[in-house]
Amino acid sequence: MRRRLRRASGGAGREVSGAIVLVATSSRGRVVAACCGRAGSGGVRTGMTVAHAGALLPCGGVVLLDHDPTGDARALVRLAMWAERFSPVVAIDPPDGLLLDVTGCARVFGGERRLLLRAIGQCERLGLRVSGAIAPTFGSAWAFARFSERPAVLARREELAVALAGLPLEALRICASTVEAMAEIGIATVGDLMAQPRSALPARFGAEVLLRLDQATGAAIETVSPVRAERPACAEVVFDGATTRVEAIEAAVRGLLDELGAMLGERESGARAVVVELVRVDCVPVVIEACFSRPCRDAVHLWSVLRPRVERAHLGYGVERISVRALRVGRLGHRQAERWRETDERAKRGGEGRDRGVLIDLLSNRLGHERVMRAGLAATHVPERLATHRSAMLEDHEIGEPPAPGIARPSLLLESPEPAQAIALCPDRPPSRLSWRGREIAIDAGVGPERIGAAWWRETGSGPGGCSERDYYRVRDASGVWLWVYRERATGRWFVHGVWA
Amino acid sequence: MDRSHVIEALRERLAAYQPASRAGAVQTVAGPLALGAVHEWCGGEAGAGWMPALCVLAGVARSLGEGVVVWVGKRCRPHPCVLTGRCERGPGESLLARSILVDAPDGPSRLWAMETALRSACVAAVIGDACAMDIACTRRLQLAAESTGAIAMLARPRAEARVLSSATTRRLVIPAVGQGADARPRWRIELVRSRGTCGDASMVTSRDRWCVEWDHGTGALVALSGVEHGSGASAAEACERRRGA
């Protein structure tokens with residue numbers, strides 16, 4: 001929890017103090033979903049209302065965060081992938097556990113105890129508070145990890161019954177209502193449960209109790225589903241001999257793109273970046289990469305973007321192998337093929353979005369991602385920083401709020417303000433003559449000043465590159481062209497900043 | 001059943017499978033613009049200091065429909081503040097949200113980008129820097145525009161107002177002087193060329209003029225007066241004369 005809070009507060013070096021409480025919304029209102037040890041020692045419990053928890057903890061010493069079970073689940077999957085360094089079989093035990101089958105792995109680490117201590121140590125270096133255990137069965141390892149005071153390592157199955165006897169019934173992963181029912185008749189520990197006749201347990205408390213007990217003691221087999229990293233979608237073709245025929249290479253690439261599209265279709269995903277590798281004889285491979293603004297698995301579109309570069313690739317002494325790989329993928333669900341004219345508005349918008357994506361892909365891959373942009377407005381009053389331009393390949397694009405009505409901004413803002421000489425009859429009036437770009441301009445009308453000050457909390461300095469205090473004027477020359485000029489208050493110099501073209 | 005009725009019904013069903021093609025013209029403050037055509041806008045001085053008539057182009061682009069508007073060329077990059085107006089023909093995204101800016105490095109790239117954009121089904125208009133483009137280039141753009149019904153608006157310097165071109169219309173954009181000290185930017189738009197206006201008497205004729213003004217408050221181009229017809233004959237009379245000849 002503290003690691004997440006440090007990330008949210010923007011720096012690993014900033015220490016987070018105070019008790020951390022995760023808050024969820026339920027029918028009772030805002031309740032505690034989880035809390036750190038400091039809060040727990042103060043009396044905070046899961047399910048308690050936030051108001052009650054706040055009353056138990058010192059004022060100002062509580063940090064409330066929203067509970068994010070989906071994010072926690074994704075983080076657990078990533079942790080499971082990381083834990084494959086200890087065992088090839090790692091399963092997730094939601095909400096906050098991992099089950100590793102370390103059969104045969106202890107020798108690599110110098111024994112089971114060393115393996116366990118190393119795993120715990122590396123998890124703690126990641127900022128996690130961890131408890132663990134190694135036992136002959138998953139059930140007993142789960143019990144010892146959560147209910148033992150120290151990391152436990154049990155090597156022999158014969159010791160399980162004795163070791164489990166003193167643990168509470170919650171260690172068997174039995175539901176809370178069954179535990180309560182057993183507690184009412186005096187069964188409080190696993191040892192008490194094991195002393196009961198086996199035949200009576202299913203009828204009285206359900207089949208789950210006996211199953212969990214057998215899984216813990218090893219009398220029943222328990223299997224887990226390990227997490228598997230998805231192999232990237234890849235298709236490859238090997239020629240019988242090196243070829244320099246462009247038609248053969250193009251046909252091979254098109255076939256591989258069809259195959260890649262089919263693979264992505266099975267996974268309900270689309271490619272965001274595709275790499276085509278032409279392995280040449282006695283030369284370094286030619287690598288052609290294309291990016292897409294949205295997930296795509298349409299082989300026709302993939303080929304239309306890759307084709308110009310495949311045609312221009314230098315084949316050297318011949319190509320002997322071609323591989324096509326999806327570097328980055330995104331989710332792309334299946335869509336019902338339409339044969340009728342799309343009159344549904346939502347379907348039309350979806351079609352327009354796809355066409356827009358196709359256009360952006362073609363333009364960006366030919367001209368460069370930085371040359372195809374979308375514009376937006378930043379929340380600033382400084383004219384040079386008002387306009388934002390981001391690559392059109394990025395999916396999230398915020399337009400921003402337009403300036404307040406009545407604020408006049410030119411249609412063309414010069415890249416940087418250009419110095420000019422001006423003559424103004426009065427200090428705070430528009431200039432009457434302007435000398436700019438080698439031309440003498442007579443001004444016959446002007447509006448202003450509009451004073452734009454610097455963001456004093458951020459910028460200092462004067463000059464065109466900085467943002468000092470400026471008085472802007474809209475001035476018109478004799479031919480009707482309107483210019484946006486300003487005078488720096490600090491230096492008195494004049495600049496032309498924009499034109500209403 | 002009558003055979004002709006069956007054939008007619010089948011034709012209608014086939015037409016339903018075809019993508020909707022755009023035809024006709026759209027009314028703007030600078031007169032009607034034919035869909036699927038190239039329209040040239042000449043204004044400003046040539047050379048390094050040339051500035052396309054961005055206010056006029058942005059104002060006209062607002063009234064062209066809901067599709068994407070592609071701006072091609074570094075000179076054809078208006079400030080986002082003039083693109084914040086919404087489409088005049090109904091609610092929807094603002095022009096800023098629908099705009100894509102393309103910075104093509106040279107003339108052939110600009111031509112390719114404009115042609116590719118015109119052939120895209122989602123594009124309503126392409127506004128590009130057509131400085132130094134010859135008749136072959138404009139012909140390519142004309143064919144591309146006809147294929148989807150999009151509009152191509154090409155900005156040229158005023159010095160190229162007499163260059164040969166395949167454009168359907170060519171307009172001169174000239175800054176005009178407004179009244180009073182607090183006047184808004186104003187332009188006089190003069191139609192100097194209009195090709196193929198037969199068949200629709202409401203289309204424009206050469207030498208028609210409009211006077212427009214930029215409204216800072218709404219970020220829109222406002223027509224100050226109706227069209228001022230030039231000294232040339234009306235379209236219907238010109239068509240009749242051509243048929244008679």
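Which residues of helix 12 of chain A are buried? In this predicted model, where local features need pLDDT of at least 70 and side-chain atom pairs count only at pLDDT 80 or more, totals for chains, interfaces and linings use all residues. Residues are numbered from 1 along each chain as its sequence is written, chains are lettered from A in the order in which they are written, and side-chain values use heavy atoms, with hydrogens and water left out.

Helix 12 of chain A covers residues 207-217, and its buried residues are Val209(A), Leu210(A), Leu213(A), Asp214(A), Gln215(A) and Ala216(A); buried means under 20% relative accessible area, with a 1.4 Å probe and protein chains only. Helices (H or I, at least four residues) and strands (E, at least two) are DSSP runs, numbered from the N terminus. These buried residues pack against helices 7, 8, 9, 10 and 11 of chain A, where contact means heavy atoms within 4.5 Å. After helix 12 comes Gly218(A), whose phi is positive, near 95°.

An open sheet of 11 strands, with mixed pairing, runs in the order 13(A)-12(A)-5(B)-4(B)-6(B)-7(B)-3(B)-8(B)-9(B)-10(B)-11(B); two strands pair if DSSP finds at least two bridges between them. Its edge strands are strand 13 of chain A and strand 11 of chain B, each pairing on one side only. Within chain B, strand 3 and strand 7 run parallel and are joined by 6 bridges, and Val38(B) has Ala152(B) as its bridge partner in strand 7.

| Helix of chain B | Lies across, in chain B | Angle |
|---|---|---|
| Helix 4 (residues 107-118) | strands 4, 5, 6 and 7 | about 170° to strand 6 |
| Helix 5 (residues 135-148) | strands 3 and 7 | about 135° to strand 3 |

Terms used. Buried < 20%, exposed > 50% of the residue type's maximum accessible area, 1.4 Å probe, protein only. Axes fitted to C-alpha atoms, helices over the stretch in contact; angles between N-to-C directions.
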